[in-house]
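This briefing concerns the interfaces and strand pairing of the structure shown below. Please read it alongside the sequence and the coordinates.

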Amino acid sequence: MSARRIVGGARPRRDAVDKVLGRTRFAADVRVPGLLHLAVARSDTAHARVRAVHTARALAVPGVVRVFTARHVPGVNRYGIIASTADQPMLAGDRVRFVGEAVALVAAETPEAAAEGARRVAVDYAPLPAITDPAEALEAGAAAIHDRGNLCFEQRIVRGDVDAGFARAAAVVERTYRTAVIEHAYLEPEAAVAWMEDGVLVVETSTQNPHYDRSDLGRLLGVAEERIRVVQRATGGGFGGKLDLSVQPYVALATWLTGRPSRLVYSREESFLATGKRHPFVMRYRSAADGSGRLLAVEADLLADTGAYASYALAVAMRAAVHAAGPYRVPAVRIRCRTVYTNRVFSGAMRGFGTPQAAFGHESQMDLLAGALGIDPLEIRRCNALGPGDVTVTGQTLGDSVGLVACLDRVGAVRDRWARRLREPDGVPRGLGVGAMYYGIGNTGVSNPSTARVALDPDGAFTLFTGAADIGQGSDNALLAICAETLGVDPDRIRLVRGDTARTANAGATSASRQTYISGGAVLRAAGRLRQRLVQEAAQALGVPAARLALEDGRIGPADGSGTSVSLAEVAARCGGGPVSETGGFDPDAAVLDRATGQGRPYGTYAFAAQVARVSVDPATAEVRVDGLAAAHDVGRAIHRPSVLGQISGGAAMGLGMALMETFGPGRDENLDTYLVPTTLDVPRVTPMIVEQAEPTGPFGAKGVGEPALIPTAPAILNALAAACGARIHNLPATLERVQKALRGEEA
Amino acid sequence: MARFAYHRPATVDEALGLLADLGPDAVPVAGATDVWVNLRSGKLAPRALVSLRAVPGLAGLDRSDDGLTLGACATHAAVEDDSWIAGRLPALHMACSQVGSRQVRNVGTVGGNLCNAAPSADAAVALLLYDAVCRVEGPGGGRDVPLDGFFLGPGRTALAPGEILTGIRVPVPRGRTVAGYHKLTRRKAMELPILGVGVRVTLDDGGAVSEARVALGVAGPTPVRCPGAEAALAGGPLTAERVEAAAETAAREARVRDSWRGQAWYRRHMIRVLIPRILLGC
């Protein structure tokens, strides 16, 4: 093969021009004649027994065709992406558990009639006490939100002699940190359209996981998966919020029971009200270090509010616990993370699965230890940083792809440059702060394979079949690059069939920063096998040993350029004329964690990162400006550099929102006028830096970057604020009032 | 969203005639940036909108030695882009330049900002500083209403049913003047103020404060002037003591509240901080 030209390059993305020109068709753009419009009637009470749902007045609205309630759900009225904790009804049965829970579904000839019908659904509730605080939910005698109790899931990580570590510490810091409920706020609200086609229910939707959607739709409807086809439409962002089902069960139910096409698109208000959020955490940390700054022990007790339903609570608890001590060598840990039910809209997956919250804790602790010991914040991280061959808190020995020190060095150089401009004679408090992280790629402690297929078509072009949902992050582009590089052809010669359960194999969720590493691995293997088969076929045709042949620019011939070659179309013809295809799979080397100690090998590989923030604070008003963000990320290998740089910059913007302004108030925030996300004027120029510590098990050395991009940002900004103000903020977001208190020297 | 008729009268008289005919079921609109939000949420469900955008002259800026006459449909962007206003009425320029985002400013109008009568109206606070006078036309003829008496409560103005705001007269202060508006927000665009603070001080030839105006947004049910603070500034030279006394008085008298956007203690403290900042640059 020639020198790699595509992997590591910067070609324009295949979807770019259509998106810029507004030609991309999202699920809400799909028009089907004769469709039913849907509207969901929702609970206005946080916790109640449902005595009765009265639908007669809704059915009387002209244009309303049907009104569905829980009793119409033909299958098991319970879904959830993690099967062992699946507990969410698509339409509430005898109980509602949060304001906004779906109670009835109205299908009508017009959107107006559907909405009016939904308004006229009357529910007879018997109120139950509503719990809004997770600590209260765990108290003895608290009302049980689910039959199994209010503790949804608990993960412990126990390793080493924690008490001995604290006993011989030169510095111990103990603090409690709190984070806020955060809304994903993707550009495209949830949308789906469904229709029947030859006895098969087709659902086209905005999703991060079409294959999961199909399996839970099958359970809800009580039909075999083969009778359902889910097609992922172009998706305008997900950030974890489109891993759960949202609108899909409603279009599926309406179409399945009426035979008519149906459509449901959430308004922004409904998206805020009814879909998952980032778990708010309360985190008590106790950390010990010796006189040189080496960590001796970390104790962390993390309590997360998962709201009314489990969704991804199990994964969040596991991942937050595994990452709670940060990307450091810590000989002794006692970590516990609990996710707890309350009567609030459910929390689920959001970019980082609890790791961004934990990072705020462990990175604040690192700065406090550094301060107590008089050590530079970068230096204390460097001397504790995980390196190749080190052992993590779960007892996993790391391989070679551990680029944390390189990341710290890269941002350290920027920090030193910025430090020279820090003290200006204008009296403006300025500060620099560091944040670091590691992040396991793929699902925690479970098999999470992906399968891909690559075919040579009769015309000599290829088709890549992948179930991996591209939600805007660019997995299409990355997978095509891996495929093209392996086959030695231009990516433009590869057709793409993506995210269609009828045509592609399960690639698993687009989450956990896993698609480049895992689906990329599957594509690499499928393309590699196909290449091998084609070269062997050509070897027979040419009478030349396969070992001497190369596939280059659509032809197979001697690698040294001598003699004749055959075109791929000729090879295809030799193989019988139809498409020639090969399948490949990859499943990272991960294993289940010990239930009691959390020891084990949760992930195949880890990404690493460090970021530095530069902030200035108005000394009187406490307005904060983030003047700079430098972000160095060890991604293993950048498959498509602009996409990696884009992920880093976008993640930093999201992290800035988490640090300074984002907090969701149920009943208060219905839209983006009151729920504030950063605007272009709030986000500084981000300086993204790519560190490439190749991962041997990754395609061309690649790992992942989607979630890591966000994780160190809020910690870096909060540490910079502490440096600027002289007092630390322990509660996110850092509102004007909290910064004002910090400026006065009060801890906030 | 309920259906409604959309009228585009070509003259003020035609607009008044439509409003008279349609009665309380019709809502006059200019940029509709506030009205639209309420239509979408269902808070407003009029049978008709009467757009004033097609009325010639209502979007104009008329500059003269005496001052500025803003057509009620002049956009915030038109004010933002006007260097004459920036030079002579800087607080108005600052306020209009910070409304929403450029996209909102391209559509939203100063007149609409006043008629919406929100306590957070940026332009209203600035216009109070300049003793602006509203020109109102109605079925019974025209009248002038000083802006100081225009706001009756949140969302309520002195406009009688069937009346419309057609223009705003803004005198240019005579004499050496310091004026400014500070909008305090949690993010740097697309947000209502936590607090809006406007101050104007005009000096006589002897250097004494001849006119002082202090106005606040989100410090009461409407944009308000602070007479106590104005009195504290007036009558002598502009000294740090006078400014501090004015700031203290304004902070004490302000009817600030706790809300999710900001807490009362912080708002009160910021009044104390921002009045000196505008006047003394500190």
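A salt bridge is defined here as a side-chain nitrogen of Lys or Arg within 4 Å of a carboxyl oxygen of Asp or Glu. By that rule, chain B and chain A share 3 salt bridges. The model is predicted, so local features require pLDDT of at least 70 and side-chain atom pairs pLDDT 80 or more, while totals for chains, interfaces and linings use all residues; side-chain values rest on heavy atoms, without hydrogens and water. Residues are numbered from 1 along each chain as its sequence is written, and chains are lettered from A and ligands numbered from 1 in the order in which they are written.

**Interface of chain B and chain A**

- In contact (heavy atoms within 4.5 Å) are 21 residues of chain B and 25 residues of chain A.
- The buried area, meaning the accessible area (1.4 Å probe) that two parts lose on being put together, summed over both, is about 2000 Å², with 55% on carbon and sulfur atoms.
- One salt bridge joins Arg186(B) to Glu737(A), whose closest N and O atoms are 3.0 Å apart.
- Polar contacts (N or O atoms within 3.5 Å; within protein, one able to donate a hydrogen and the other to accept it, with residues adjacent in sequence counting only if both atoms are side-chain atoms) link 9 residue pairs, both residues at pLDDT 80 or more.
- On the side of chain B that touches chain A, β11 (177-184) and α11 (264-280) of chain B each supply at least two residues, and α11(B) gives the largest share, 7 residues.

**Domains 1 and 3 of chain A**

- An automatic or database assignment sets the domain bounds: chain A comprises domain 1 (16-24 + 449-586), domain 2 (31-128 + 192-265) and domain 3 (281-444 + 593-743).
- The C-alpha centres of domain 1 and domain 3 of chain A are 37 Å apart, and their contact takes 20 residues from domain 1 and 26 residues from domain 3.
- These two domains of chain A bury about 1500 Å² between them, 64% of it from carbon and sulfur atoms.
- On the domain 1 side, Ala512(A), Ser513(A) and Tyr517(A) lose the most area to domain 3, together 44% of what that side buries.
- Between domain 1 and domain 3 of chain A there are 0 salt bridges, but 5 residue pairs are in polar contact, both residues at pLDDT 80 or more.

**A sheet in chain A**

- Strands (DSSP runs of E, at least two residues, numbered from the N terminus) pair if DSSP finds at least two bridges between them.
- An open antiparallel sheet has the order β4-β2-β6 in chain A.
- Strand β2 (residues 48-54) and β6 of chain A pair over 6 bridges, and Ala52(A) has Asp124(A) in β6(A) as its bridge partner.

Notes
Helix = DSSP H or I, 4+ residues; strand = E, 2+ residues; numbered from the N terminus.
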